[in-house]
Amino acid sequence: MNQNYNIYTLADHEVWQVLFERQMQKLPAIASEAYLEGIEKAGFVADHIPDFERETNHRLQELTGWSVVACEGLVPIKEFFELLADKKFPASTWLRTMEQLEYLEEPDMFHDTFGHVPLLTNQSFCDFLAEFSIISLKYINDEEAVKFLQKLYWFTVEFGLIRERNKLKIYGGGIISSSGESVYSLCSGIPERVPYSIEEILKTEVKIDAYQKKYFVIESYEQLFQSLKNFEEILERQLLVYQ
């Protein structure tokens, strides 16, 4: 489907601006350098919602060959991985209201677009997404495997931390787009922050209705991509436990 950009109202653009400006007051000190560079490279600004067809995709195509495709809501998992394997990132077209600034039951356009799209300007991160999706499609009909695949996506793409210049920074879109968790993930004494490990991720419980109790820290996006070399072997070992 198309984004149908003309349907966005002045109120929608105002919501985007409030959310954008609120996060950009915090993120320069706590977000990954690649993400912050990606905000500029993707052409995101406060005063209007990104236009996928006229603005965003032209920039992404030149940088990494990726594009954003509009969707109405949550995409079925097989279709989701098929899109990513084809270097297309699905993003919701609906946007929260002023009354929903703090909490949503499912991801909206601000989460999908502001949270994820800037890192689609980083080649190593894009390589990880595409390769992970190709592997995932091999196991898409295995219910237990899908649970493990979702965990790896969750603790990296959605809720990952990265160490840059000896400082912890955030890169996961679920943290980036959350006013509360962007601070909690780095500053709270409650959660664990542990080195990135596929084995440990596949053993860790996902929290979908609360802040995470554990965050995994990568050293680089190249490390994230290279870790997929042994991913299938690790996944197969985990699946044996459930047989």
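1. (A salt bridge here is a side-chain nitrogen of Lys or Arg within 4 Å of a carboxyl oxygen of Asp or Glu.) R165 lies in the loop between strand 3 (161-164) and strand 4 (167-170), while E33 is in helix 2 (residues 33-41), so the pair ties together parts that are 132 residues apart in sequence. Helices (H or I, at least four residues) and strands (E, at least two) are DSSP runs, numbered from the N terminus.

2. A word on what you are looking at. This is a predicted model, where local features need pLDDT of at least 70 and side-chain atom pairs count only at pLDDT 80 or more, while totals for chains, interfaces and linings use all residues. Residues are numbered from 1 along each chain as its sequence is written, and side-chain values use heavy atoms, with hydrogens and water left out.

3. The cut-offs are under 20% relative accessible area for buried, over 50% for exposed, and partly exposed in between (1.4 Å probe, protein chains only).

4. A search of the whole structure finds ten salt bridges. Another one brings together the side chains of D51 and R54, at 2.9 Å from N to O. Take a look at how its two partners sit: D51 is buried, with a relative accessible area of 5%, but R54 is exposed at 60%.

5. Now try helix 4, where K78 and E82 both lie, four residues apart, about one turn of the helix. Their side chains meet in a salt bridge, again given from N to O, at 2.5 Å. K78 is partly exposed, with a relative accessible area of 41%, and E82 is partly exposed too, at 35%. Elsewhere, salt bridges that share partners join E199, E233 and R237 into one network.

6. How many aromatic pairs does the structure hold? There are 20. To count, rings of Phe, Tyr and Trp (its six-membered ring) must have their centres within 6.5 Å; planes under 30 degrees apart are stacked, over 60 edge-to-face, and the rest tilted. Y35 and F114 have ring centres 6.0 Å apart and planes at 70°, so this pair is edge-to-face. Y35 lies in helix 2 and F114 in helix 5, so the pair ties together parts that are 79 residues apart in sequence. Y35 is buried, at 0% relative accessibility, and F114 is buried with a relative accessible area of 0%.

7. F125 and Y171 make another edge-to-face pair, 6.4 Å centre to centre with 80° between the planes. F125 lies in helix 6 (residues 123-138) and Y171 in the loop between strand 4 and helix 8 (173-176), so the pair ties together parts that are 46 residues apart in sequence. F125 counts as buried at 3% relative accessibility, and Y171 does at 1%.

8. The largest pocket has a volume of about 1500 Å³. Of the 44 residues that line this pocket, the closest to its centre are P107, H111, W154, E158 and F159. On a 1 Å grid over the protein atoms alone, a pocket is an open set of points where a 1.4 Å probe fits, with protein on both sides within 12 Å along at least five of seven lines; lining residues have an atom within 4 Å of a point. Grid points are joined across faces, edges and corners, and the volume is the space filled by probe spheres set on the points.

9. Which helix gives the largest share of that lining? Helix 7 does, with six residues. Those that each supply at least two residues include helix 5 (109-116), helix 7 (143-158) and strand 2 (88-92). By class, the lining has 20 nonpolar, eleven polar and 13 charged residues. Nonpolar covers Ala, Val, Leu, Ile, Met, Phe, Trp, Tyr, Cys and Pro; charged covers Asp, Glu, Lys and Arg; the others, Gly among them, are polar.
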